[in-house]
Structure formats: structure tokens, C-alpha cells
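Have a look at the structure first, then read on.

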Amino acid sequence: MDLLLNPDSAPTITKIDPLQAARVLGELLSQAPEYHAFLEALKTVNNDLTIQKLSAEMRAQQTALQWGSNANGRNADEIVRIKLEMEDLPAMKAYRQAEREVSALFRAVDEIISQEAGVAFAINAQRSGCGCGG
């Protein structure tokens with residue numbers, strides 16, 4: 001990959017290893033406060049007994065709904081009630097805030113990479129599904 005390092009002066013082209021650049025970017029992102037806050041919020045949510053209980057209830061309601069024992073729509077209503085109850089918990093609110101902040105960071109990085117590359121980066125950085133091993 002060629003990289004123009006100083007566009008204001010005489011063009012200087014330097015070869016960089018895309019894999020190494022990706023590693024450096026990953027390391028920098030892993031050090032971001034937003035990422036650490038997200039991981040902490042995730043750990044809190046995963047260890048919250050109330051959230052675990054509500055998640056188990058939701059899975060039970062989803063299973064009942066999937067297997068057709070919907071009891072006149074009660075399972076679907078119960079799923080909505082449980083989701084609302086879960087989202088109202090302080091740990092979940094903190095998680096959603098951390099999720100928004102880390103997503104904003106990742107979107108900003110994607111915008112910068114996309115602008116520099118001249119192509120939408122994240123959307124094109126997925127496996128093609130062609131079955132060709134890529």
C-alpha cells in the first residue's frame with residue numbers, strides 16, 4: 001500500500017504494511033477510554049443478577065412464543081415488558097451510554113479511514129461470502 005505522508009511538500013511515498021497498520025489501529029482503539037468504559041459496563045451488565053434473571057425470563061417467553069404457546073399474545077407482551085424493565089435498570093442505562101460512546105468513536109475512525117481510502121471502509125471490510133476463502 002502506498003501512503004502520501006506530506007501532501008503540502010514534495011510528494012513522498014512510503015510503503016506500509018496494511019496488516020501492521022491494522023494492528024497499530026487496533027492497539028490504539030483498545031486503549032481508548034470509550035472502549036474501556038464499554039468493557040466495564042459490559043462486565044457490570046453480565047454480572048448483574050437482576051439482568052440475568054430478566055434475561056432468563058425473556059428467553060423463556062421467546063421460547064414459548066417460538067413454539068406456538070403464545071396464550072393470546074401474552075408472551076409477546078411479556079417480552080416487551082421485560083425489555084422495558086431491563087432497559088430502565090441503572091446498569092443497563094450505563095451500558096447503553098457506553099455503547100453509544102464507543103460506537104461514535106468507531107464511526108469517527110471509519111469516516112477518517114473512508115475519507116483517506118476514498119471508499120466506504122467498514123461496509124467494504126466484511127467477508128464477501130463468495131466461498132473463495134477471503
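## A helical protein and its core

Phe38 is buried, with a relative accessible area of 16%; buried means under 20% relative accessible area, exposed over 50% and partly exposed in between, with a 1.4 Å probe and protein chains only. Before going further, a word on what you're looking at. This is a predicted model, where local features need pLDDT of at least 70, side-chain atom pairs count only at pLDDT 80 or more, and totals for chains, interfaces and linings use all residues. Residues are numbered from 1 along each chain as its sequence is written, and side-chain values use heavy atoms, leaving out hydrogens and water.

Back to Phe38 and its partner. The structure holds one aromatic pair, and Phe38 and Tyr95 form it: the pair is tilted, at 5.5 Å centre to centre with 35° between the planes. (Rings of Phe, Tyr and Trp, the last by its six-membered ring, pair if their centres lie within 6.5 Å; planes under 30 degrees apart count as stacked, over 60 as edge-to-face and the rest as tilted.) Phe38 lies in helix H2 and Tyr95 in helix H5, so the pair ties together parts that are 57 residues apart in sequence. Tyr95 counts as buried too, at 12% relative accessibility.

Zooming out, the protein chain has six helices and two strands, running β-β-α-α-α-α-α-α from the N terminus on. These are DSSP runs numbered from the N terminus: helices are H or I with at least four residues, strands are E with at least two. Of the chain's 134 residues, 16% count as buried.

Two of the helices are worth a side-by-side look.

In H3 (residues 49-66), the buried residues are Ile51, Leu54, Ser55, Met58, Gln61 and Ala64. What covers them includes helix H2 (33-47), helix H4 (74-87) and helix H5 (90-117). At the start of H3, a side-chain oxygen of Asp48 comes to within 2.9 Å of the backbone nitrogen of Thr50. Just after H3, Gly68 has a positive phi of about 85°.

H5 has its own buried set: Ala91, Met92, Tyr95, Ala98, Val102, Val109 and Ser114. These pack against helix H1 (18-30), H2, H3, H4 and helix H6 (121-124). Just after H5, Gly118 takes a positive phi of about 80°.

So what sits in the middle of the nonpolar packing? The largest nonpolar core has 14 residues, of which Ile51, Met86, Met92 and Tyr95 touch the most other members. H2, H3, H4 and H5 are the elements that give two or more residues to this core, and H5 gives the most, with five residues. Such a core is a set of buried Ala, Val, Leu, Ile, Met, Phe, Trp, Tyr and Cys residues joined through side-chain atoms within 4.5 Å.

Take Ile51: leaving out residues up to four places away in sequence, Ile51 touches Val45, Met86, Leu89, Ala91 and Met92, where contact means heavy atoms within 4.5 Å.

Finally, there's Arg81 in helix H4. Arg81 counts as partly exposed, at 34% relative accessibility. Its C-alpha atom is separated by 9.3 Å from that of Met58, 23 residues apart along the chain.

How values were computed. A polar contact is a pair of N or O atoms within 3.5 Å; within protein, one must be able to donate a hydrogen and the other to accept it, and residues adjacent in sequence count only if both atoms are side-chain atoms.
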